[in-house]
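Have the viewer open as you read.

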Amino acid sequence: MSEPDRIEIEEIDAAPPAPERPRLDRAPDYLEGFLSQKPAPVPAGEPGGEIYDNVIAALKEIYDPEIPVNIYDLGLIYGVDVTGDGHVVVTMTLTTPHCPVAESMPGEIEMQVGAVPGVGVAEVNLVWDPPWDPQKMSDEAKLELGML
């Protein structure tokens, strides 16, 4: 039999020097201008704007009489358009064309949305295409109804 190879061990007293870090040639305040910028103001009628958000809040106060969920989270609201002069158009549907509130719900929505500060005229467009289905509900609504 042959002798196994021997490994020599060398002891070092000091740690090897750390590698030099790359240097960036820019002023330390290069982010100062970016961080001092203020976000652009959101127009009142756009999502995130005051009137738009208040209209959505008003819609969340209206509940379907047969389902204990507000009409916004239920997915009945397809769109909210706000013009610069405060004209609001809500495009919506109902759960079924034979819904018992088909005649009264649009009027109630016009009154609620028309009462929002900054809204001049509120109008509701009731549409049936695309038809409503439970997939249009928010996760909160599905949770409330035990569907999640």
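The model is predicted: local features need pLDDT of at least 70, side-chain atom pairs count only at pLDDT 80 or more, and totals for chains, interfaces and linings use all residues. Residues are numbered from 1 along each chain as its sequence is written, and side-chain values use heavy atoms, with hydrogens and water left out.

**The core.** The largest nonpolar core has 31 residues; such a core is a set of buried Ala, Val, Leu, Ile, Met, Phe, Trp, Tyr and Cys residues joined through side-chain atoms within 4.5 Å. Buried means under 20% relative accessible area, exposed over 50% and partly exposed in between, with a 1.4 Å probe and protein chains only. Val55, Leu59, Val80, Ile109 and Val113 have the most contacts inside this core. Two or more residues come from each of α2, β1, β2 (87-92), α3 (105-114) and β3 (121-126), and α2 gives the largest share, 6 residues. Helices (H or I, at least four residues) and strands (E, at least two) are DSSP runs, numbered from the N terminus. Not counting residues up to four places away in sequence, Val80 touches Tyr52, Val55, Ile56, Leu59, Val88 and Val89; contact means heavy atoms within 4.5 Å.

**The surface.** Leu35, in helix α1 (residues 32-36), is exposed because its relative accessible area is 64%. Together with Leu31 and Phe34, Leu35 forms a nonpolar surface patch with about 340 Å² of accessible area. Patch members have over 30% relative accessible area and no salt bridge; nonpolar side chains (Val, Leu, Ile, Met, Phe, Trp, Tyr) are joined within 5 Å, like charges within 9 Å. Areas come from the Shrake-Rupley method with a 1.4 Å probe.

A salt bridge needs a side-chain nitrogen of Lys or Arg within 4 Å of a carboxyl oxygen of Asp or Glu.

| Residue | Nearest side chain of opposite charge | Distance |
|---|---|---|
| Asp73 | Lys60 | 4.4 Å |
| Lys142 | Asp139 | 4.6 Å |

Asp73 sits in the loop between α2 (50-59) and β1 (77-82), and counts as buried because its relative accessible area is 15%. Beyond four places in sequence, Asp73 contacts Lys60, Met137, Ser138 and Ala141. Lys142 belongs to helix α4 (residues 139-144), and its contacts outside that sequence range include Pro134 and Leu148.

**A cis bond.** Asp129 and Pro130 are joined by a cis peptide bond with omega about 5°; Pro130 is in the loop between β3 and α4.

Note on methods
Lys and Arg count as positive and Asp and Glu as negative; His and the chain ends are not counted.
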